[in-house]
Amino acid sequence: MTSTRSGETFSLRSAAEATVVEDMLDVIAPCAGGVKRNLDLIRALGARATADLEAVEKEEAQVEKKAAEEIEKRKTTDKPVKKLSEVLPPAEEFAARAEKRRRCDGLVEEAVAIARQTEVAVARHIDAINGELANLSEQLHASGEFEAAGAARPGDEVAIRLDDYDKDAWVLGRVVRFRADAATYEVADADDDSQIHELGEQRVIPLTDGGRGVPAAHVLAGAQSCLVNAQDEASRLQKGEEVFAVYPDTTSFYHAIVSIPARRSGAQGGSCHCQFHDDQDETGLNPDRPVPLKYVMRIT
């Protein structure tokens, strides 16, 4: 991937060849080196201007002190000071100090000019980086690599909450697209794939393990797949645990209690048994209903 701006060429290797951070460093490094050199030069100019100005001010203070002392001394003589020029050094000395001040001003102006050039260079590199990030984002979306960073991928089953006010209204859906720029999903309804819903991350819970583990849900989702961190023995569902589970032969999640935990942890094809709320049979008992683990969510 290569782009040219302001006569400079910036290049990014394929994301398959190196990490995004390394690629960005390749773009940033030339700018960082130039900025450091300019900052060092600005500091040097500032230090020189400060030292020279202090020397001039010290000379001027000495001239003023001597003049004051001479005026005070001659008050008691028969030759008092009538004109200030009588006790001041020659005009050439004043001209020399004025030239030193002008040189100090020149150093400051040079430092300011370098600072402005640095600002322009940094802005140009920021523009280049933003352009490369946009190109990289397009490539990653096209290749599906962006979703590998943690988002559910197109085709993955997810739980979605269509009602923003009902925190328990979760149903099944399938990812059509993830828009990283807006942090939103486009999800097809499980009952009618012609219905596409655009939802924020907090209203979508990944359920599918595509070989990289089930991605964790957004912290504000209020639930997440029981298969997140499934290999951790401590993460196994426990008997009596309150969950959201898909009721058999439906695409909707309901409140339930785990009655028989799964025999194995981390088994994508495994199942547990749940007792659903308000699901008593004709005898008044809640039956244990089998539910695939991928359709069971912990309440967080």
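In what order do the five strands of the open sheet stand?

1. The order is β6-β5-β4-β3-β7, and the pairing is antiparallel. Strands here are DSSP runs of E, at least two residues long, numbered from the N terminus. Two strands pair if DSSP finds at least two bridges between them.

2. This is a predicted model, where local features need pLDDT of at least 70, side-chain atom pairs count only at pLDDT 80 or more, and totals for chains, interfaces and linings use all residues. Residues are numbered from 1 along each chain as its sequence is written, and side-chain values use heavy atoms, leaving out hydrogens and water.

3. E157 has R174 in β4 as its bridge partner.

4. Now the largest nonpolar core. Such a core is a set of buried Ala, Val, Leu, Ile, Met, Phe, Trp, Tyr and Cys residues joined through side-chain atoms within 4.5 Å. Buried means under 20% relative accessible area, with a 1.4 Å probe and protein chains only. This core has 29 residues, and I205, F253 and M297 touch the most other members. Strands β4, β9 (242-246), β10 (253-260), β11 (271-276) and β13 (296-299) each supply at least two of its residues. The largest share, four residues, comes from β9.

5. I205 deserves a look. Leaving aside residues up to four places away in sequence, I205 touches V158, A159, W170, A217, A221, A223, Q224, S225 and M297. Contact means heavy atoms within 4.5 Å.

Conventions: Buried < 20%, exposed > 50% of the residue type's maximum accessible area, 1.4 Å probe, protein only.
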